[in-house]
Amino acid sequence: MQWLLILLVLVSSAHGDVTRKHKTSSVSFGAFDATSTEYYAEDRSANETSTLWTKGMMKTMTGGKERASTTITRLDKEVVWTLDPKEKTYNEMTFAEFREMMKKSMKEMQDAKGEDEAKADTVSEDMYEWKTEAKSDPNPKTIHGWTCRNMHVVAVGTNKQNPEDRVSITVNNWNSPDVPGAEEIRAFQERYVKAIGLDEMALTPGMMNAAMMFEKQLKSLIEESKKAPGEPVTSLIEIKRHELVGPSVGEAMKEGMKSELMGKLPFGKKKEEPKAQEPKYEERVKFSVNTELMEASTGNVDAAKFEIPAKFKLKKK
């Protein structure tokens, strides 16, 4: 694990409320920009987020409109509430339900490993020979008033059978030990991931998604972060792949059917066979999450932030 769980006595010694404001941009199965304000107390948190999907299926589903949501996590009640401010409704998931869902998902993933799924984009980190390079800037930098140090590591994997097939994983953080409230947040997050049965990989934004593909490499990269201690003020996690690309089978079939149909029409003329496009290798971003800490403070947070607002109705499962 990237960090050891701290002793419960240390966890219980963290007091005080904390507020954070972040900006996040991400690319995976789509792309989005988000702003969030997070509030922490000793045994509860609230995250108010506004998300704008800019690419992918979610952009279509949301109509390209910004969507607001709130997530409240209560360690004392072992429950997570997800609120829809527009509809004035909320969903509820207990920690026990989450653990059961994770258990089921892990079983399905294990079962899938035994199946022969011939997917063009299937990637296993064991297919590659890996070389890791530290590129950290040795000079400190001030970002939003905090003195930060850099942790920049790039791991490049070259396919053992095909040197043209390469994967690069970049972790580039500017961390500061001076951000107020970092200890309180860390203590809360460690209690949370332990309560729901995850490991500490979940504490780094975007890491759970990336770890599904390159768990071993990411864990080794995260160890490097200890050389630049503190909370990330800016954080980039990016996975690129130099992969073979070309026209899909579906596109080729569509063009063939169109040409055949035009040839059968009385006024039509069969299209000449298109020149075959040679497949080529291109570097493409497979996953990216870029997060920036805009504000951080400590001080009392309104207790209402951690409660379901009046008139909100529970959505039935």
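This is a predicted model: local features need pLDDT of at least 70, side-chain atom pairs count only at pLDDT 80 or more; totals for chains, interfaces and linings use all residues.

For my count, a salt bridge is a side-chain nitrogen of Lys or Arg within 4 Å of a carboxyl oxygen of Asp or Glu. By that rule I get 14 salt bridges in the structure.

Overall picture first. I have six helices and 13 strands in the chain. Of its 317 residues, 34% come out buried. Among contacts with a separation of 6 or more, 67% are between residues 24 or more positions apart.

Then I looked up E307 and R74. Their side chains form a salt bridge at 3.1 Å, N to O. E307 is in the loop between β12 (280-298) and β13 (313-314), while R74 is in strand β4 (residues 67-74), so this pair joins distant parts of the chain, 233 residues apart. R74 is buried at 3% relative accessibility, whereas E307 is partly exposed at 36%. I also found both in a salt-bridge network with D43, R44 and D76.

Next, K286 and E243, a salt bridge at 3.2 Å, N to O. K286 belongs to strand β12 and E243 to strand β11 (residues 231-245), so the pair ties together parts 43 residues apart in sequence. I have K286 as partly exposed at 22% relative accessibility and E243 as buried at 10%.

Last, a pair within a helix. E190 and R186 meet in a salt bridge at 3.5 Å, N to O. They are four residues apart in helix α4 (residues 182-196), so about one helical turn separates them. E190 is buried, with a relative accessible area of 4%, and R186 is partly exposed at 24%.

Terms used:
Residues are numbered from 1 along each chain as its sequence is written. Side-chain values use heavy atoms; hydrogens and water are left out. Helices (H or I, at least four residues) and strands (E, at least two) are DSSP runs, numbered from the N terminus. Buried means under 20% relative accessible area, exposed over 50%, partly exposed in between (1.4 Å probe, protein chains only). Contact means heavy atoms within 4.5 Å.
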